[in-house]
Amino acid sequence: MNPKLSVILDGVYYDDSLDGSGDAMLGETAGIFAAHGHDHEDEGDHGGHEHGLEQGFNLRHTEVVLSGSVDGMFDARLNVAISDEGDVELEEAFVASTGLPAGLRIKAGKFYSGIGYANEKHPHDWDFVDQNIAYRTLLGDHGLSDTGLQLTWLPAWDHYTLFGIEAFQGDKNERLGTEAEHADDLPDRDKAPRLWTAFAKWSTDLGHDHALQLGASAAFFRSHQEMHHHGEMDEHGLDGDARLYGVDAVYKYDSGQAYGQGDWRISGEYLWVDKNLEVAHHESNQGVIGEARDFSEDGLYVQATYGIAPRWEVGLRYDAVGFTNEKRGPRPAVNTDYDESERWTAAATWHISETSRIRAQVAQVSGAFDDHREDYTQFYLQYQMSLGAHGAHNF
């Protein structure tokens with residue numbers, strides 16, 4: 001059948017030691033994104049997804065995917081997400097060339113950026129129930145996704161090497177490069193494309209049983225705006241640019257045993273964000289207009305999974321944000337340092353088949369929120385079922 005059709009169901013039972021509020025709090029850890037309460041104009045574009053699991057039973061977004069070949073020259077993909085309330089969100093809709101010479105490939109439409117390792121992965125391809133908090137804090141629940149163009153080059157070298165550049169509209173992201181709500185008093189934004197990215201991935205030949213991939217990424221948002229709220233009379237807007245840098249590594253071992261027994265997967269990423277902004281609007285203090293505001297925050301995750309028996313695997317993850325977590329300005333009163341937040345997660349997954357799984361997960365969080373810390377435990381029980389055609393996942 002062309003196009004191929006698949007439907008992916010994802011249900012989660014959730015509880016924690018904070019009466020169910022702990023998952024939503026993970027998106028609001030103290031730092032340069034959450035502490036100021038800034039709002040973005042296009043948050044409604046992501047309204048189809050819950051931002052934090054509720055206590056009890058949750059039906060996360062149901063993915064409907066259409067994919068296929070067009071004229072033998074392009075691959076096309078459409079991915080929509082349907083919430084339990086019936087809201088529909090377009091996640092991806094793109095075409096990609098298949099026959100360009102010299103290892104070149106062009107992708108056009110709305111898609112997940114190729115930066116990093118986890119960014120392109122959909123929730124049904126995660127090794128854990130939820131996204132790591134480095135991505136969730138620095139990129140948002142949906143990672144870096146936008147409308148634009150991607151050019152990749154896979155040279156015919158002895159070792160796998162992939163280079164990529166991307167140009168995006170720059171206004172469909174939750175954390176970076178997004179126009180602020182009520183931004184009439186801020187400068188007009190630069191013309192699109194406002195977001196540029198570059199990435200490289202490299203893998204050496206370690207034989208049939210082992211695989212290692214290393215990657216480096218960068219993103220430049222040449223028009224970033226945000227509005228901060230500290231009370232009715234202290235609303236102010238910032239304008240400038242932002243940068244994201246990251247490195248990632250993935251190692252896989254294939255034991256050769258049945259259904260994944262003895263297999264290893266180890267991956268990790270480090271991300272660092274730097275925002276160079278100026279005060280462009282202030283509700284009550286015109287004297288600070290033009291003052292510099294520099295923000296920086298980083299995050300990382302390291303995770304591993306191991307096949308303990310056929311179709312059974314266990315996983316362990318450490319993720320954290322805020323080792324570098326600060327705001328700087330020309331006056332000492334502006335300077336602020338925020339605490340780091342971290343979490344340990346353990347999961348056990350039963351892969352019933354290639355298209356269905358059940359997963360139990362427990363996590364211990366030590367998080368910084370505003371002016372206090374919270375230590376709490378999370379518990380998840382998840383099922384995922386895929387109906388219809390289901391292609392191979394990325395490396």
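**Close-up 1. Glu 326 pairs with Arg 328 through a salt bridge.** In this predicted model, the closest N and O atoms of Glu 326 and Arg 328 lie 3.2 Å apart. Glu 326 has a relative accessible area of 25%, so this residue counts as partly exposed. Arg 328 is partly exposed too, at 28% relative accessibility.

**Close-up 2. Arg 328 also forms a salt bridge with Asp 337.** Here the closest N and O atoms are 2.9 Å apart. What is the relative accessible area of Asp 337? The value is 54%, and because exposed means over 50%, Asp 337 is classed as exposed.

**Close-up 3. Arg 317 and Asp 319 form a salt bridge.** Look for the closest N and O atoms of Arg 317 and Asp 319, which are 3.8 Å apart. Are these two residues buried or exposed? Both Arg 317 and Asp 319 are buried.

**Close-up 4. Arg 328 takes part in two of the pairings shown above.** One joins Arg 328 to Glu 326, and another joins Arg 328 to Asp 337. Salt bridges with shared partners also link Asp 130, Arg 317, Asp 319 and Arg 343 into one network.

Definitions and conventions
Residues are numbered from 1 along each chain as its sequence is written. This is a predicted model: local features need pLDDT of at least 70, side-chain atom pairs count only at pLDDT 80 or more; totals for chains, interfaces and linings use all residues. Side-chain values use heavy atoms; hydrogens and water are left out. A salt bridge is a side-chain nitrogen of Lys or Arg within 4 Å of a carboxyl oxygen of Asp or Glu. Buried means under 20% relative accessible area, exposed over 50%, partly exposed in between (1.4 Å probe, protein chains only).
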